[in-house]
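Work through the exercises below with the structure open. Try each task before reading its solution.

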Amino acid sequence: HEIYGEKFYSFDLSVPRLSGNADLIPVTISERLFKEDELVVDKKLRIEGQFRSYNSFEGEKNKLILTVFAKDIEFLSDDEEIVVSKDFVSNEITLIGYICKTPIYRQTPFGREISDMLLAVNRAYNKSDYIPSIAWGRNARFSQNLPTGTEVKIVGRVQSRNYEKKYEDGTIENKVAYEVSIASLEVINQDNEFIKKEEVSEEAV
């Protein structure tokens, strides 16, 4: 798309996980950050930016669109290996925002504890991004009791997740959801005496 004469492009960035799988993360970038022949398939990149949300109106439905808005991009040479190890963070995000919906706590069929959260993160010009996030284990149990309006700091990674959506007519559509997988969670609003600080690594649960 184009805004005030400045063109913006979008693409998916494949970011490897330690498990050997990869997250496909949507990226939006201005034409001012790259040359025309630099963005090609299989090109290795390092990107810094903001995780943003937009509302897309399709008919009578309102859809939340998530994307990494690139602020800086570095093109890596073909011989620079992207090695994923415990000492190398290939996908990290830090957010400070407010819980804007009551967290939903649940357990998987295998007994893993999960809490779904929606975080409102302020940015310039009186705008806010609404970022779906997911907590695990002790963080999930802790976050389920946090009231809306609680200010928190989370550190984690942006992840993509494939799922099937079933419609009333029986048809099934394959879709992709994007969210922040929380590794550590900290309450930074201490006005509520019932709120305690909790900081737990996802890898410890």
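## Overall fold

Among contacts between residues at least 6 apart in sequence, 57% join residues at least 24 apart. The model is predicted.

**Exercise 1.** Describe the order of helices and strands along the sequence, and state what share of the residues is buried.

*Solution.* 
- Step 1. Count the elements: there are 11 strands and 1 helix.
- Step 2. Read them in order: the pattern is β-β-β-β-β-β-β-β-β-α-β-β.
- Step 3. Turn to burial. Of the 205 residues in the protein, 34% are buried.

## Two residues of strand 9

**Exercise 2.** Compare S128 and D129: where does each lie, how accessible is each, and which polar contacts do their side chains make?

*Solution.* 
- Step 1. S128 lies in strand 9, and D129 is found in strand 9.
- Step 2. S128 has 27% relative accessibility, so it counts as partly exposed.
- Step 3. D129 has a relative accessible area of 3%, so it is buried. The cut-off for buried is under 20%.
- Step 4. List the polar contacts. The side chain of S128 is joined to that of N122 by a polar contact of 2.9 Å.
- Step 5. The D129 side chain makes a polar contact of 2.7 Å with the side chain of R123. The D129 side chain also reaches the backbone nitrogen of S53 at 2.9 Å.
- Step 6. S128 touches S53, V121 and N122. D129 touches F51, R52, S53, L119, A120, V121 and R123.
- Step 7. Check one longer separation. S128 and Y54 are 74 residues apart in sequence, with their C-alpha atoms 9.5 Å apart.

## A buried serine

**Exercise 3.** Is S115 buried or exposed, and which side chain does it meet in a polar contact?

*Solution.* 
- Step 1. Find S115 in strand 8.
- Step 2. Its relative accessibility is 0%, so S115 counts as buried.
- Step 3. The side chains of S115 and S143 are joined by a polar contact of 3.1 Å.
- Step 4. Beyond four places in sequence, S115 touches P103, I104, Y105, S133, I134, A135, A140, S143 and Q144.

## Core and packing

**Exercise 4.** Which residues have the most contacts inside the largest nonpolar core, and what do V180 and V155 touch?

*Solution.* 
- Step 1. The largest nonpolar core has 30 residues. Those with the most contacts inside it are F51, L95, L119, I131, V152, I154 and V180.
- Step 2. Take V180. Setting aside neighbours within four places in sequence, V180 contacts F51, I93, L95, I131, P132, S133, I134, I154 and R157.
- Step 3. Move to V155, in strand 10. With residues up to four places away not counted, V155 touches E92, I93, T94, S181, I182, A183 and S184.
- Step 4. V155 and T94 are 61 residues apart in sequence, yet 4.5 Å apart from C-alpha to C-alpha.

## The second largest pocket

**Exercise 5.** Describe the volume and lining of the second largest pocket.

*Solution.* 
- Step 1. The volume of the second largest pocket is about 940 Å³.
- Step 2. The pocket is lined by 26 residues, and K63, L64, Y163, V176 and A177 are the closest to its centre.
- Step 3. Two or more lining residues come from each of strand 5 (61-75), strand 8, strand 9, strand 10 (151-166) and strand 11 (172-187).
- Step 4. Sort the lining by class: 13 residues are nonpolar, 10 charged and 3 polar.

Methods: Residues are numbered from 1 along each chain as its sequence is written. This is a predicted model: local features need pLDDT of at least 70, side-chain atom pairs count only at pLDDT 80 or more; totals for chains, interfaces and linings use all residues. Side-chain values use heavy atoms; hydrogens and water are left out. On a 1 Å grid over the protein atoms alone, a cavity is a set of points where a 1.4 Å probe fits but cannot get out, and a pocket is an open set with protein on both sides within 12 Å along at least five of seven lines; lining residues have an atom within 4 Å of a point. Grid points are joined across faces, edges and corners, and a volume is the space filled by probe spheres set on the points. Helices (H or I, at least four residues) and strands (E, at least two) are DSSP runs, numbered from the N terminus. Ala, Val, Leu, Ile, Met, Phe, Trp, Tyr, Cys and Pro count as nonpolar, Asp, Glu, Lys and Arg as charged, and the others, Gly among them, as polar. Buried means under 20% relative accessible area, exposed over 50%, partly exposed in between (1.4 Å probe, protein chains only). A polar contact is a pair of N or O atoms within 3.5 Å; within protein, one must be able to donate a hydrogen and the other to accept it, and residues adjacent in sequence count only if both atoms are side-chain atoms. Contact means heavy atoms within 4.5 Å. A nonpolar core is a set of buried Ala, Val, Leu, Ile, Met, Phe, Trp, Tyr and Cys residues joined through side-chain atoms within 4.5 Å.
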